[in-house]
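Please walk me through this model in a viewer, one selection at a time. I would like to know what to select next and what is there.

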Amino acid sequence: MNKKQPFPDDKIFEKPVKTGSLKHDVSRHIMSTLGSDYYPPRKYLYYKGLSYSIRDRLIERWIKTQRSYYDSVAKRVYYLSLEFLPGRFLLNYITNLQMKGECCRMLDDFEFSLEDLEEEEWDAGLGNGGLGRLASCYMDSMATLKIPGYGYGIRYDYGIFFQNIVNGYQVEKADNWLRYGNPWEIKRRKNLYTIKFYGRSQMYADSKGNLRYRWADTENIMAVACDILVPGFENDNVINMRLWKAMSSREFNLDYFNQGDYIGAIEAKVMSENISKVLYPSDEAEHGKELRLKQQYFFVAATFQDIMRRFKKNNNSFSEIPHLIAVQLNDTHPAISIPEFMRILMDEEGLGWNTAWDICVRTFAYTNHTVLPEALETWPTDLLGKVLPRHLEIIYEINRRFLKEVKRRYPGNLEILSRLSLIQEEPDRRVRMAHLAIVGSHSVNGVAALHTNILKNSLFKEFNDFFPGKIKNITNGITPRRWLLQINQELSRLITSTIGHEWICNLYRLKKLVPYADNNKFRLSWQKVKRKNKELLARYILEKTGIAVNKDSLFDVHTKRIHEYKRQLLNVLHVITLYNRIKENPTSKIVPRTIIFGGKAAPSYFQAKLIIKLITSVAETINNDPEIGSLLKVVFLPNYSVSQAEKIIPGTDLSEQISTAGMEASGTGNMKFALNGALTIGTLDGANIEIMEEVGRENIFIFGLDTKEVETLKAGGYNPHKYYQNDPELKKTLDMIETGYFTPNSPDLFKPILDSLLNRGDYYLVLADYHQFVLAQEEVSLVYSDQKEWTRRSILNTANMGKFSSDRAVLEYAEKIWGIKPPGGKTEHGNQ
């Protein structure tokens, strides 16, 4: 007799499935869209079937939203970003559509849960770090606030890379996130635009005798639109990201094919489509630089053809553009859109320079994301002139007219002309893209109060003097829908049951939690939630690394891009110090710690990759030392991503935000951890300062030099050897690295790291801040040993994070920059 199947057909669908129900739609898509049988149930098929069913519901709402824009003649925001980092879509859509209950009921008959289906989805490979994640948070807020908006970028075939750790080293593999397709993507194959490169700028006289320019003898490729929908929270409003995929302007060269040259026949097609293959291709070689420039122009050119198509549907007066269109440049990557828009208005639409420039400046706004002069993007004029010859002419003319005004303001001051010029003359001629963005925009903003002050008083001081009031601050924010409601459901339920649900769209309402910080019953409930989240994180760590961690230990987390200024190295030095203290005094009262690292280093960034190897080497030594046991564990979680962050953040006790003061523009990871009740240890850098102001100086662990002290120390001749010689613990720690304690088979492996600290100036002041960092960590241990006090501070961190909602930030953009009043929906002031 045959054994009965666990999911018999008559059990799952024993009752007639109602047409239009979610279960009916899922089974229909599994059969008609995927061409498969819904029985026996398989997670991958049900993930895809559920995804298509949810997409159906999104499309209906999106069409209604778009119709409303045309009916109301709404001003629209175009948010241009070379990267977005949305993470997984399924649970986010379900959260914002408030469909979780319906989805769970639909899955009741099966042996898998909604969370199981979520694990079938790959993170979208559309971004790298904070820049892309910020863009995705802002899209969520625009949808929730009902601000008519679109996100524009590139639909990459491969993400930044998939990170493996092999023998302690980072190994990069292609992030083929599309290998199983993308159910959320809507390809608009009729939305094809021709994108031009190379060729020459040709001057001619039009029918009225006016001198005009055309871009001739170009090489062309096509851009096809791929839409991904973005729903607002519980408001039936759906906007979209429009991402561009490169396609050859023809399938292949038939002449080559007929002559038997099959490779030659498709070579041009493959090469032209490389533009949207990979996020941030290496720019070490000349062809890599050229590909990056082509990427930037590709998505800008397609976007502006799309913007003008939409504008011309119902408008024929170009003077209306600034009243109906706001373009936000997310960093300098899309800054080439300024000369592109000028080219369209003058060369294609026949406007004069002054009229076109006025429209251009009133349309554009620019967000700066760096305080490091060496990180400001520039392009060699030779390269730009080769790839975009007409655009270089326009940039030169913008610069000529701008410098004419500068000369009038500062007669005879050649130094300020040099500093403000859009063209860098030495050591080679380059276009300064940040300068182009500042001159060509009506608004420039920093992303944290400290960052903006640095822009005004240092990095762009001359521009601030020349354009008073143009540079303003809008501190970054994060969406509470994903970064609390979705990822920390237990804590969200506790908060909602205590103060109501209004906090979801008005984060300032979390202030109502403040009195509960001293409520013993509420503190115990808060601790239970944290314990459960730590258990989940411990299980995840065991699955990914094989390391069993002490769930009662302090979970100390440092997850972000690996870069010297973010100072993972400083944290490693503290880890070694803790290790030495335990070894030297094993009977002393030690607060157990699990120190968790995660993050990717750029493939060509040797020093950052060596720091990863140092972390993993230290981890291997400590984790296998029987004298240490469960008192100290060090974990490096490979392939840090949005979906991994969603698992780490709820279980975190301590958030490491320890960049060198004055080098982090803002940071948003600091906000995500604090919102979920983690305490922060950090420097007075980026948004840490504003978090400190909101949560209270006594509820955050601040250490280290501030920006003025950094400047003073460097100006006075910083000597890292002094710190090395005068601090026995620091000396011992560095000597252990130098002598190969953690890599006995390769004792000189970390010599470049020691050289950077002791012989090349310790640019990021790791040694200068070491002692204060260790003292601050001692305070952390002291407070953590008093769980009542730690929990009180944790609650107060969450309660005071209202300012850091992306809803607040987007409302500020709408008011201060875009000139848009949200038409209604969920806002920071409640329903309107």
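Begin by selecting Leu229, which stands opposite Asn240 in β9. The model you have open is a predicted one.

Now widen the selection to the two strands around that pair. Strand β8 covers residues 219–231, and eleven bridges join β8 to β9 in the antiparallel sense. The two strands make a hairpin with six residues between them, and in this hairpin Glu234 has a positive phi near 50 degrees.

Keep β9, residues 238–248, and colour it by burial. Ten of the eleven residues of β9 are buried, so the strand is mostly covered. With a relative accessible area of 0%, Cys226 is buried, because buried means under 20%. Cys360 is a further cysteine to select, and Cys360 is also buried at a relative accessible area of 0%. The count of disulfides in the model is zero.

Tyr150 stands opposite Asn240. Five bridges join β2 to β9, and these two strands run parallel.

Strand β1, residues 76–80, pairs with strand β2, residues 149–154, in the parallel sense over four bridges. To find the pairing on screen, select Tyr79, which stands opposite Gly151 in β2.

Which strands make up the open sheet of nine, and in what order? The order is β5-β8-β9-β2-β1-β10-β11-β15-β16, and the pairing is mixed. At the edges stand β5 (185–197) and β16 (471–473); each has a single partner strand, so one side of each is left without a neighbour in the sheet. On average, neighbouring strands of this sheet are turned by 25 degrees against each other, direction ignored.

Move on to a hairpin formed by β3 and β4. Strand β3 (residues 162–166) pairs with strand β4 (residues 169–173) in the antiparallel sense over five bridges. Select Gln163 to see Glu172 of β4 opposite. Two residues lie between the strands of this hairpin, and Asn167 in the turn has a positive phi of about 55 degrees.

Now turn to another open sheet. Six strands form this one in the order β19-β18-β17-β20-β21-β22, with parallel pairing. The edge strands are β19 (632–637) and β22 (701–702), each of which pairs on one side only. The bridge partner of Ile681 is Phe701 in β22.

The largest share of the lining, seven residues, comes from α18. If you colour the lining by residue type, it divides into twelve nonpolar, five polar and four charged residues.

Key
Residues are numbered from 1 along each chain as its sequence is written. This is a predicted model: local features need pLDDT of at least 70, side-chain atom pairs count only at pLDDT 80 or more; totals for chains, interfaces and linings use all residues. Side-chain values use heavy atoms; hydrogens and water are left out. Two strands pair if DSSP finds at least two bridges between them. Axes are lines fitted to C-alpha atoms, for helices over the stretch in contact, and angles run from 0 to 180 degrees between N-to-C directions. Ala, Val, Leu, Ile, Met, Phe, Trp, Tyr, Cys and Pro count as nonpolar, Asp, Glu, Lys and Arg as charged, and the others, Gly among them, as polar. A disulfide is a pair of cysteine sulfur atoms within 2.5 Å. Buried means under 20% relative accessible area, exposed over 50%, partly exposed in between (1.4 Å probe, protein chains only).
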